[in-house]
Amino acid sequence: MGLLLHVFKWDKRWQLLHKCDILVKRSIKKQAASSTKLAEVGRLLDAKEGKYDTGQLFLHRIFGYRGVILFPWTARVYDRDLHNPSRQTTTTTTTVTAATTTPATSNTEASSIIVKAGHSNNSTATTSAAPQADAAASAAAWQASSSTNTAADAQQSTTKVGTATPITSNNNNNNKASAVDAKEVKGKTQTFYQVLIDTRDCPHIRAQTEAVTFLGNQDSNRSLYAIPGLDYVAHDDIMPYSSNDKQPLQHELFDKFLTHTPDAEPPFVSQETLKAWQEKNHPWLDMSDVHKETTENVRITVIPFYMGCRETPASSVYWWRYCIRLENLGELSVQLRERHWRIFSLSGTLETVRGRGVVGQEPILSPRLPAFQYSSHVSLQAPSGHMWGTFRLEREDGYSFDCKIPPFSLESKPDDVNAPPVGGASSTRDDSD
């Protein structure tokens, strides 16, 4: 079953279509022939400026799937387009103290640790063996970080960014530090929501439905778990609707988390199970920073998440997952061809990763289907680091360009909760991209 394509464009005709009936298209096989049937699933409601309540049904503005809101998150959104209209490369001045530990190794989509994709035989990874001082200076010239802010900075926080200048090996450390023209990107507080996705829509959306992963409590640090049908949705991507159906959404956690209460608004109220699940799994669900940047009418959004640490007698391995959305804002179709990542670890290593596509795909972003979203993982043998890079895109007219991936920091947390979440978890391996 797939939502009607013209319904996906509601954001462009919101004033005309709010409060109208929502129709879905269902394909029914009958005697080797396929027919289409329309069925009403609800009625659109006015968009809210304030927060939506738990139990609110909605359609995703970009991907069109049906969902229900579980609870809100507050995140700092660093939009480099607002502070860098000329689309310059952003960087951060970073001071790193040289360590005596063994250089850390890190992994991203090209590595064998990544969940849900093909093997890494179509990509290459190179880790710099240069002295740590050089690696730190190089990272300072080509990447940006979003520093962790205190509660006093919750409403608006800033991170230093600027335009990078190429550094030659003959420059001294002072010249390397001055190669960054410092600016500020202000992080604005915005609301996101933890949601459940209707399992009937999962095969028809261009976003991974097992994007929320976490570390299990096994001894092996290569075990990852996923809860299917969980997503994070920005407030502006919520298109609320109402339904008279007591079971409007199909997801195995819907009845465990919500109960139908006709007199309530919305008529689905959270159970104690949801509150306990949220409290128990807050550390690995928590989102704090969102990074955005647009190149040639293609906007990249990155949301990093800390997953925890795996201790071994020889080392400590820190894990993060990151969710990336590519969205075509132009009128011409583009196709993602290659990825190029730079991963800097606090221990002083700078790794380069190149490969074809992402998660085994080379998605086309067209005006009809403008967005693609996926998640991947990275591990470091250091408690923090940074990632940045580019996607190589090819436009339908033959023009190719590098689309910037906004730099983002990888920050660990003091508390590491590794217990699997309640219900819905499925085991997966980290040996594919």
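My entries follow, grouped by topic.

**Ground rules.** I am working with a predicted model, where local features need pLDDT of at least 70 and side-chain atom pairs count only at pLDDT 80 or more, while totals for chains, interfaces and linings use all residues. Residues are numbered from 1 along each chain as its sequence is written, and side-chain values use heavy atoms, with hydrogens and water left out.

**Strand E5.** I started with E5, residues 66-79. My helices (H or I, at least four residues) and strands (E, at least two) are DSSP runs, numbered from the N terminus. Is this strand enclosed or open? Twelve of its 14 residues are buried, so E5 is largely enclosed by the rest of the structure. For burial I used relative accessible area with a 1.4 Å probe and protein chains only: under 20% is buried, over 50% is exposed, and in between is partly exposed.

Next I looked up the neighbours of E5. Two strands pair if DSSP finds at least two bridges between them. E4 (residues 57-60) pairs with E5 in the antiparallel sense, over three bridges. With E15 (residues 289-295), E5 pairs in the parallel sense over four bridges. Here Val-77 has Val-290 of E15 as its bridge partner.

**Cores.** I then searched for nonpolar cores, meaning sets of buried Ala, Val, Leu, Ile, Met, Phe, Trp, Tyr and Cys residues joined through side-chain atoms within 4.5 Å. The largest has 35 residues, and those with the most contacts inside it include Phe-192, Phe-257, Trp-277 and Met-287. Which element gives the largest share of this core? E5 does, with six residues. Domain 1 (42-85 + 185-287) and domain 2 (291-418) both give residues to this core, so it lies between them; the domain bounds come from an automatic or database domain assignment. Another core, of 30 residues, lies apart from it, and Ile-300, Tyr-322, Val-359 and Tyr-374 are among its members.

**Rings.** I counted two rings of Phe, Tyr or Trp (its six-membered ring) as a pair if their centres lie within 6.5 Å. The whole structure has 14 aromatic pairs. Phe-71, Trp-73, Phe-257 and Trp-277 are linked into a cluster by ring pairs. I also found Arg-321 over the face of Phe-305, at 4.3 Å from the ring centre. My rule for that was NZ of Lys or CZ of Arg within 6 Å of the ring centre and within 35 degrees of the ring normal.

**Salt bridges.** How many salt bridges are there? I count 16, taking a side-chain nitrogen of Lys or Arg within 4 Å of a carboxyl oxygen of Asp or Glu. In one of them, Glu-272 meets Lys-275 at 3.7 Å, N to O. Both lie in helix H6 (residues 272-280), three residues apart, about one turn of the helix. Glu-272 is exposed at 60%, and Lys-275 is partly exposed at 44%.

Another joins Glu-327 to Arg-299, with the closest N and O atoms 3.2 Å apart. This pair links distant parts of the chain, from E17 (residues 316-328) to E16 (residues 298-311), 28 residues apart. Glu-327 is buried at 8%, while Arg-299 is partly exposed at 23%. Glu-327 also meets Arg-325 in a salt bridge, at 3.9 Å, and Arg-325 is buried too.

Note on methods
Rings of Phe, Tyr and Trp (its six-membered ring) pair if their centres lie within 6.5 Å; planes under 30 degrees apart count as stacked, over 60 as edge-to-face and the rest as tilted.
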